[in-house]
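User: I would like to learn how to read the features of a model like this one. Please take them one at a time.
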Amino acid sequence: MGTISQTELNRRALMRKRYTAIFQVLLGILVTVVAFYPVYWMLISSVKSQDEILLLKPTFWPKEFHFENYTNVLQKVNFAKYYANTIIMTAGILICQIVTGMFAAYGFSKGKFKYKNTLFYLVLGALMIPIQVTFIPLYIMFAHWHLTDTYIGLILPEAVSPYYIFMLRQTFMSIDNGYIDAAKIDGLGKVGIITRILGPMCRSTLFTVTLVTFTNGWNSYFWPKIISKDEAHRVLTIGLAKLRDTFAGQGTMNNHEIMAGAVLAILPVIILFFVFQKYMLTGYSKAAMK
């Protein structure tokens with residue numbers, strides 16, 4: 001009788017596991033559909049006609065593909081210049097945050113100096129202060145330095161990232177100090193330890209924070225809108241807003257061309273995410289373990 005009861009318990013446990021697995025799969029599918037649906041709608045809308053977009057009964061597949069929407073966008077606004085400006089700004093932010101983040105994270109994780117933890121808490125506190133709170137003194141300062149409408153003005157406010165420092169510090173703390181002691185015996189200085197020991201050992205976290213930084217820089221809108229007034233230093237997000245304003249006041253909005261411009265703008269972010277997504281998952285896991 002006891003054996004039958006145990007068998008029944010095992011069978012019920014197995015059924016619960018199966019139901020749990022099925023529920024997780026269904027939930028995963030639901031979340032994926034909800035998350036991907038706006039992207040899908042943007043993609044199909046970018047190749048629809050304006051009349052089809054305005055139909056009261058939406059179509060989930062274009063009746064006719066209009067790829068000329070993309071060429072029209074490239075002709076109506078200076079997308080090539082916006083792309084170049086965005087690449088320069090994002091690359092500058094990445095380089096600055098990698099350098100400052102790695103050295104600051106090394107100091108906060110492996111360094112020994114007075115008030116280390118207090119200073120780190122101040123860095124974390126900066127995470128809670130959005131740029132919308134500080135943009136007025138920032139703009140006055142940059143205007144005084146004649147850095148408005150310059151690439152330096154676009155890059156400098158984002159040169160240091162508390163998030164980057166926090167993520168790398170957590171990962172550096174998980175690395176045994178024996179590696180650092182061995183590197184010192186071999187004659188490596190602090191720069192060599194960071195670039196040749198800690199950096200390669202934390203590759204996944206570096207990929208993660210770099211991709212997040214790239215995405216934030218690429219999608220940045222508020223500060224570039226404030227600091228750049230002329231066409232020569234506008235970025236993609238400002239260009240998309242200009243694309244929308246270009247058609248404002250017409251009898252019908254050119255939503256199909258606006259969608260095409262949005263697709264062109266987010267394409268690099270989507271490509272990078274799919275290429276480096278496994279590194280992102282690994283990096284977040286390692287950072288969360290400490």
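Analyst: Start with the order of elements: along the sequence the pattern reads α-α-α-α-α-α-α-α-α-α-α-α-α-α. The protein has 14 helices and zero strands. Keep in mind that this is a predicted model.

User: How does the radius of gyration of the protein relate to that of a compact globule of 290 residues?

Analyst: A compact globule of 290 residues would come out near 19 Å, but the protein has 25 Å. The C-alpha trace spans about 75 × 70 × 35 Å along the principal axes. As for contacts with a separation of 6 or more, 72% join residues 24 or more positions apart.

User: What share of the residues is buried?

Analyst: Of the 290 residues, 36% count as buried. The accessible surface is about 17300 Å², and carbon and sulfur atoms hold 68% of that area.

User: Which residues form a nonpolar patch on the surface?

Analyst: Tyr 19, Ile 22, Val 25, Leu 26, Ile 29 and Val 33 form one, with about 610 Å² of accessible area together. Ile 29 lies in helix α1, residues 2-45. Ile 29 counts as partly exposed because its relative accessibility is 48%, and exposed would require over 50%.

User: How many disulfides does the structure hold?

Analyst: A disulfide is a covalent bond between the sulfur atoms of two cysteines. The structure holds zero. Of the cysteines, Cys 96 is partly exposed at 29% relative accessible area, whereas Cys 202 is buried at 1%.

User: And how many salt bridges are there?

Analyst: The count is one. Arg 234 pairs with Glu 231, with the closest N and O atoms 2.8 Å apart. Glu 231 is partly exposed, with a relative accessible area of 27%.

Technical notes:
Residues are numbered from 1 along each chain as its sequence is written. This is a predicted model: local features need pLDDT of at least 70, side-chain atom pairs count only at pLDDT 80 or more; totals for chains, interfaces and linings use all residues. Side-chain values use heavy atoms; hydrogens and water are left out. Patches are made of residues with over 30% relative accessible area and no salt bridge: like charges are joined within 9 Å, nonpolar side chains (Val, Leu, Ile, Met, Phe, Trp, Tyr) within 5 Å. Accessible areas come from the Shrake-Rupley method with a 1.4 Å probe; for residues, only the protein chains shown count as cover. A salt bridge is a side-chain nitrogen of Lys or Arg within 4 Å of a carboxyl oxygen of Asp or Glu. Helices (H or I, at least four residues) and strands (E, at least two) are DSSP runs, numbered from the N terminus. Buried means under 20% relative accessible area, exposed over 50%, partly exposed in between (1.4 Å probe, protein chains only). A disulfide is a pair of cysteine sulfur atoms within 2.5 Å. The radius of gyration is taken over C-alpha atoms; the globule rule is 2.2 Å times the number of residues to the power 0.38. Contact means heavy atoms within 4.5 Å.
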